[in-house]
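Welcome! Take a look at the model below, and then we will walk through it together, topic by topic.

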Amino acid sequence: MDTEILARIQFAFTISFHYIYPPLSIGLGLIMVIMESLWIRTKNEKYHILAKFWTKIFALTFGIGVVTGIVMEFEFGTNWATYSRYVGDIFGSALAAEGIFAFALESGFLGILLFGWNRVKPWVHLVATIGVFLGSMFSAVWIVVANSWQQTPAGYHIVGEGMNARAEITDFWAMVFNPSSVDRLTHTWFAAFLAGAFLVLSVHAYYLLKGRYVEISKMAFKIALGVATVFSLMQLVTGHSSADGVAENQPAKLAAMEGHYDKSGPADLYLFGWVDNESQEVTGIKIPGGLSFLIDQDFEAPVTGLNAFPEEDRPGQVNAVFQFYHIMIAIGMFFIALTLYACFLWWRGTLFTNKWVLKTFVFSVILAQIGNQVGWFAAEMGRQPWVVYGHLRTSEAFSQAVTANQIVFSLILFFVVYALLLFLFLYLLTKKIKHGPYDEDDNDMEERRFTKEITNQVANTLNA
Amino acid sequence: METLFGIDYPTLWFLVVGGVFSGYAILDGFDFGAGAWHLFFRKELSRRIALNAVGPVWDGNEVWLVIGGGALFAGFPVMYATFFSGLYIPFMLFLMFIIFRAIAIEFRSKEEWLWWRKMWDICYSVSSIMLAFLLGVVLGNVLQGIPIGPDLEYDGSPFLGFLNPYAIITGFTTLFLFMSHGAIYLLLKTEGRLFDKLEGLLKKGIILFIVFFVITTLYTLIYIPHLSDDFKSNPILFIFPILTFLSIANIPRLAHKKRFKIAFFFSALTIALMMALVAIELYPTLLYSTIDPENSITIYNAASSDKSLGISLTMVAIGTPLVLGYTFFVYKTFAGKVQLDDHSY
């Protein structure tokens, strides 16, 4: 295999793996802020227990997010040197802002969030929790701004030619608020809230089904269900707005998402289907003219199709883009139906006795993860063959100094290490969930507290 | 070219990058150093205390690396691209050990099994040692220069080019510097027998560091002339190596008097001064080309536009007080000896 393909496989693999964790951290951050605020407002110790429990799970996702994130930052330089030189002037400021405003805020307060429960006043701790949450939201800002700039460049000019060409910034705010940033940022944030909320829903649905921690699980479930319902609905808005933007700024990507080849005819909207890139035909269930209607409120309106672009300027994997995009939408629609139905049951007072709904929530956490992943796959594969839309091709962006053998070496290392990492993550997550927010048996809890006291005393004597 | 207080933007950004990497070396330096000693502690409780001494801060320390990488990307994209792709293998190894170390910290105390804890203890310690060593190796390559072709791309051996005698010597120097630094940090965090043991270990660490520091200095003076020409042509700069020697000499003196807080200050200062030496000798070069000095990457041929640097400098000006503020707050909250509780690792 050649260097380009290997570099792409490595980037795709490491970024997909990384992206399991940041959305969970952002989403859990929101839930933790809500739980802790409720604790401080109501003085109900149960919210405190919940906040502490979820903080422990947050610690797990955050830690893996940080280390797999360092990999990403290095990888631009190691594997995409030409790209780094090309975009450095633009993204540099975004990445610097991410480091200074977001990461430092997150990590600074993380110590207090995780280890400070007994050391600072409750409101100081809440400030730390909010700090970490805001930090994670800010890091999403800068990274999505940078990525959006690649999709819809703005506020720049190109200097130099050929291999020495690079983009230079001319207008910082035009770069930050490039045509797709706001839509894509809100869509990404809300997807992250959903990832966190569905994890909370899954775990507490599991407890409710097992009849464990029933009271606090109901409390947590309601908080997370509120978040999940609101943001599932909001995703319709941000998703639609995002697609409108793609239609305007990246027509080839939109055409690939719906498998629309016809140069300028009306475009259909598929519920599901299969694209044959050779014959340029899509088999599936469609709403004729549906895409035209969504974009122009007219079933007959022309939409630019893939054939309007030269072969070398179209996404290579049309069917993949189509499938990923449709899976994301299907999951989004399913979430709206599920959360609204659950809210209806909640209002009727039968939510917590409905086994099937609870079971569905236990498994929906996987769907939230898949939705986050495939959404990005569609966005990034739809951008091909460009790494910076219309300016720099992916095939020209990788490191000239790195050989295929070097990438094979690092790729194997990444596979091994990440497999281990995933295994341990799941193992410890399950362990924490099985152990639960507190020890259910009160006697047992007393006993444990006693043993702990003894251990601490012994420890102190030994150290003194 | 735009200037501020008479200094051009690339130079200002060079100072920012230098400052961030010095901060990173001081902070992650003590937690790599602390980790490197880990297997010297025999008792389970000692190991837990040592681990929890870095527990609340290691994550935040590693963020300085992210900021440093970002700062390099922002200000000197050409350097970032050539440096990271040129030293591909050491950077990949560095990433693997960073991950292994994080896994070890997170997972070690999650099970009580003896083999489990032993396995993660070894992982934690070995990766801490390797990380400190690799940082030194990378630094050695920066000091000595790497083969860079006329297109400003790395043009050397893909796999083992980074391993050369000088890089190995600087690797060990960095390792022992961090181990001394880490031992002092642990002394601030521990009591009783563990404390006594660390006093002995610190002495060994300092001796090894001084030996390697002398070897590095001699090797540099003899074999790498471009690293001392600035000092020779400008005698006033000699104040920096002199201060460095004094700062190093101060560490064992203060350790002997058991004044570890000030000793920690001086080991941090030593790191900062050594970074300053590196910066003075390199400036305005970032990466020497061993093929032809003409191909060297400098702060001028690697820099982003003044417009871009101006934006980044503004962000630094706004962000730095914030970062320093909450870093201080965190260290204050966890100041003093380690206390294990049910939130500990």
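This is a predicted model: local features need pLDDT of at least 70, side-chain atom pairs count only at pLDDT 80 or more; totals for chains, interfaces and linings use all residues.

Residues are numbered from 1 along each chain as its sequence is written, while chains are lettered from A and ligands numbered from 1 in the order in which they are written.

**Helix pair in chain A**

- Helix α7 (residues 181-210) of chain A and helix α12 (residues 355-383) of chain A pack at about 155 degrees, with axes 8 Å apart.
- Axes here are lines fitted to C-alpha atoms, for helices over the stretch in contact, and angles run from 0 to 180 degrees between N-to-C directions.
- Helices (H or I, at least four residues) and strands (E, at least two) are DSSP runs, numbered from the N terminus.
- The crossing of α7(A) and α12(A) is left-handed; that term applies if the near helix is turned anticlockwise from the far one by less than a right angle, and right-handed applies if clockwise.
- Residues of α7(A) that meet α12(A) include A:Ala191, A:Leu194 and A:Phe198, and their counterparts in α12(A) include A:Lys355, A:Phe361 and A:Val365.
- Two residues are in contact if their C-beta atoms, placed from the backbone, lie within 7 Å.
- By class, this contact of α7(A) with α12(A) has 15 nonpolar, six polar and two charged residues.
- Ala, Val, Leu, Ile, Met, Phe, Trp, Tyr, Cys and Pro count as nonpolar, Asp, Glu, Lys and Arg as charged, and the others, Gly among them, as polar.

**Helix pair in chain B**

- The axes of helix α10 (residues 239-256) of chain B and helix α11 (residues 260-282) of chain B come within 9 Å and cross at roughly 160 degrees.
- That angle makes α10(B) roughly antiparallel to α11(B).
- α10(B) and α11(B) have a left-handed crossing.
- Among the residues making the contact are B:Phe240, B:Leu243 and B:Ile251 of α10(B), along with B:Phe266, B:Leu273 and B:Ile280 of α11(B).
- How many charged residues does the contact of α10(B) with α11(B) have? There are no charged residues in it, against 17 nonpolar and five polar.

**Where the chains touch**

- Chain A brings 60 residues to the contact and chain B brings 62 residues.
- On the side of chain A that touches chain B, α3 (45-79), α4 (81-115), β2 (166-169), α13 (404-435) and α14 (442-463) of chain A each supply at least two residues.
- The most comes from α4(A), with 24 residues.
- This side of chain A divides into 34 nonpolar, 20 polar and six charged residues.
- The axes of α4(A) and helix α4 (residues 77-86) of chain B come within 8 Å and cross at roughly 145 degrees, in a right-handed crossing.
- A:Arg85 and A:Asp89 are among the residues of α4(A) in this meeting, and B:Tyr80 is one of those in α4(B).

- Strand β1 (residues 156-159) of chain A runs antiparallel to β2(A), joined by four bridges; two strands pair if DSSP finds at least two bridges between them.
- A:Ile158 stands opposite A:Ala167 in β2(A).
- Seven bridges link strand β3 (residues 269-276) of chain A to strand β4 (residues 281-287) of chain A, again antiparallel.
- The bridge partner of A:Val275 in β4(A) is A:Val282.

- Most residues other than glycine have a negative phi, and most peptide bonds are trans.
- A cis peptide bond joins A:Gln384 and A:Pro385, with omega about 5 degrees.
- The bond from B:Tyr283 to B:Pro284 is also cis, with omega near 0 degrees.
- A:Gln297 has a positive phi near 55 degrees.

**Confidence**

- pLDDT is the predictor's confidence in each residue, from 0 to 100.
- Chain A averages a pLDDT of 87, and 94% of its residues score at least 70.
- Chain B averages a pLDDT of 87, and 99% of its residues score at least 70.
- Residues 442-448 of chain A stay under 50 in pLDDT.
- For the complex, the predictor gives an ipTM of 0.84 and a pTM of 0.88.

Notes:
Angles under 35 degrees count as roughly parallel, over 145 as roughly antiparallel, 65 to 115 as roughly perpendicular and the rest as oblique.
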